[in-house]
Amino acid sequence: MNEEMYAFRIEMFGFRDDAAQKLDRLERQNKHIDADLDLLHRKVSDHEREINRLKQVGQ
């Protein structure tokens, strides 16, 4: 019985460690996605400003 409990605990700790690693990876990916979205938003804003500037120069 003790051996089964020990084996079960080892399996559960392994599962916990694996889940923690996957969550850490997802968190890093999420931070990268957030940074990419921020950069994309900045570029779109810059392009919109430039388009509006060019429209006003052409009028």
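Student: Where is Phe-15 found?

Tutor: In this predicted model, Phe-15 is found in helix 1.

Student: Is that side chain buried or exposed? I mean Phe-15.

Tutor: Phe-15 is exposed, because its relative accessible area is 57% and the cut-off for exposed is over 50%.

Student: How far apart in space are Phe-15 and Leu-40?

Tutor: Their C-alpha atoms are 37 Å apart, and 25 residues separate Phe-15 from Leu-40 in sequence.

Student: Let us step back to the whole chain. How many helices and strands does the protein chain have?

Tutor: The secondary structure comes to one helix and zero strands. Helix 1 covers residues 2–58.

Student: What does the C-alpha trace span along its principal axes?

Tutor: The spans are about 85 × 10 × 5 Å.

Student: What percentage of the residues count as buried?

Tutor: The figure is 0% of the 59 residues. The protein chain exposes about 6,100 Å², and carbon and sulfur atoms supply 57% of that area.

Student: Which residues make a nonpolar surface patch?

Tutor: Ile-33, Leu-37, Leu-40 and Val-44 make one of about 360 Å². Of these residues, Leu-37 has its place in helix 1.

Student: Now the charges. How many positive and negative side chains are there?

Tutor: There are 11 positive and 13 negative side chains, and the centres of the two sets lie 9 Å apart.

Student: Which residue meets Glu-27 in a salt bridge?

Tutor: The partner of Glu-27 is Lys-31, at 3.7 Å from N to O. That distance counts because the cut-off is within 4 Å.

Student: How many residues apart are Glu-27 and Lys-31?

Tutor: Glu-27 and Lys-31 are four residues apart in helix 1, which is about one turn of the helix.

Student: How accessible are the two, Glu-27 and Lys-31?

Tutor: Glu-27 is partly exposed at 45% relative accessible area, while Lys-31 counts as exposed at 54%.

Student: What about Arg-49? Which residue does Arg-49 meet in a salt bridge?

Tutor: Arg-49 meets Asp-46, with 2.4 Å from N to O. Both residues lie in helix 1, three residues apart, about one turn of the helix.

Student: Is Arg-49 buried or exposed?

Tutor: Arg-49 counts as exposed, because its relative accessibility is 55%.

Student: What is the N to O distance between Asp-17 and Arg-16?

Tutor: The side chains of Asp-17 and Arg-16 meet in a salt bridge at 3.4 Å.

Student: What are the accessibilities of Asp-17 and Arg-16?

Tutor: Asp-17 has 41% relative accessibility and counts as partly exposed. Arg-16 also counts as partly exposed, at 48%.

Student: What separates the C-alpha atoms of Lys-22 and Ile-10?

Tutor: A distance of 18 Å separates them, and Lys-22 and Ile-10 are twelve residues apart along the chain.

Definitions and conventions
Residues are numbered from 1 along each chain as its sequence is written. This is a predicted model: local features need pLDDT of at least 70, side-chain atom pairs count only at pLDDT 80 or more; totals for chains, interfaces and linings use all residues. Side-chain values use heavy atoms; hydrogens and water are left out. Buried means under 20% relative accessible area, exposed over 50%, partly exposed in between (1.4 Å probe, protein chains only). Helices (H or I, at least four residues) and strands (E, at least two) are DSSP runs, numbered from the N terminus. Patches are made of residues with over 30% relative accessible area and no salt bridge: like charges are joined within 9 Å, nonpolar side chains (Val, Leu, Ile, Met, Phe, Trp, Tyr) within 5 Å. Accessible areas come from the Shrake-Rupley method with a 1.4 Å probe; for residues, only the protein chains shown count as cover. Lys and Arg count as positive and Asp and Glu as negative; His and the chain ends are not counted. The place of a charge is taken as NZ of Lys, CZ of Arg, CG of Asp or CD of Glu.
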